[in-house]
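Try each task before you read its solution.

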Amino acid sequence: QWVGAEGRSWIAEEMYFNTQLEVLKSRDLAEQVFHSLGLEDHPMFAESSDPVAAFAGLIYVKPMVNTRLVRLGVTGFDPKEITEWANAVARVYVRRNVDQAAASFHEIMDEIRKGMTEARTSLGNMDTERFKNAADQEIFIPESQQEILRKNLETYNTELTGLRVKLGTV
């Protein structure tokens, strides 16, 4: 699995890569894998006071020199079993990153929706205030100005719909 922070400085790239290495080695990831594999009753971990730590101790992550690749493996005696475990570590790691990206996307979308709602409310309030002021001052708004306002509102609604389509929120 290649990990990186494309388009960023070398230092940011290095920090991102090192962070991802630590995530791969983390107890949190090992615990997720341990439970997803149902290893609670596995004989290898039955005698351990901390079976998750024992499992985590079997996982190794080694960066490959001059690359952004890592060698991920699990130490053990049964090749089929440790292959399954190593693949589970990779799967859980990837799923974790996908979940975090999705959560970030949803947070951004919520902020955009909030901003759009506030902008729509503000625009509506400004239009209402403008018409109220015109009525209070008994200012006549000619038909041509009303048509301009209708066109502006139509353009705003068209752009809003286009943005919603782009963001996939329609």
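**Exercise 1.** Find where Asn66 sits in this predicted model, then decide whether Asn66 is buried or exposed.

*Solution.* Start with the place: Asn66 lies in the loop that links β1 (59-63) to β2 (70-74). Next, check the accessibility. Exposed means over 50% relative accessible area. Asn66 has 78%, so Asn66 counts as exposed.

Now look at the backbone. Most residues other than glycine have a negative phi. Asn66 has a positive one, near 60°.

**Exercise 2.** Stay in that loop and look at Arg68. Is Arg68 buried or exposed, and which side chain does the side chain of Arg68 make a polar contact with?

*Solution.* Arg68 is also in the loop between β1 and β2. The cut-off for buried is under 20%. Arg68 comes in at 19% relative accessibility, so Arg68 counts as buried. As for the partner, the side chain of Arg68 has a polar contact of 2.7 Å with the side chain of Glu14.

**Exercise 3.** Which residues have the most contacts inside the largest nonpolar core, and which element gives the largest share of this core?

*Solution.* This core holds 25 residues, and Phe55 and Trp85 have the most contacts inside it. Two or more residues each come from α1 (10-25), α2 (27-36), α4 (51-56), β1, β2 and α5 (79-136). The largest share, seven residues, belongs to α5.

Finally, zoom in on Trp85. Skipping neighbours within four places in sequence, Trp85 touches several residues, including Val33, Met44, Phe55 and Val74.

How values were computed: Residues are numbered from 1 along each chain as its sequence is written. This is a predicted model: local features need pLDDT of at least 70, side-chain atom pairs count only at pLDDT 80 or more; totals for chains, interfaces and linings use all residues. Side-chain values use heavy atoms; hydrogens and water are left out. Helices (H or I, at least four residues) and strands (E, at least two) are DSSP runs, numbered from the N terminus. Buried means under 20% relative accessible area, exposed over 50%, partly exposed in between (1.4 Å probe, protein chains only). A nonpolar core is a set of buried Ala, Val, Leu, Ile, Met, Phe, Trp, Tyr and Cys residues joined through side-chain atoms within 4.5 Å. Contact means heavy atoms within 4.5 Å. A polar contact is a pair of N or O atoms within 3.5 Å; within protein, one must be able to donate a hydrogen and the other to accept it, and residues adjacent in sequence count only if both atoms are side-chain atoms.
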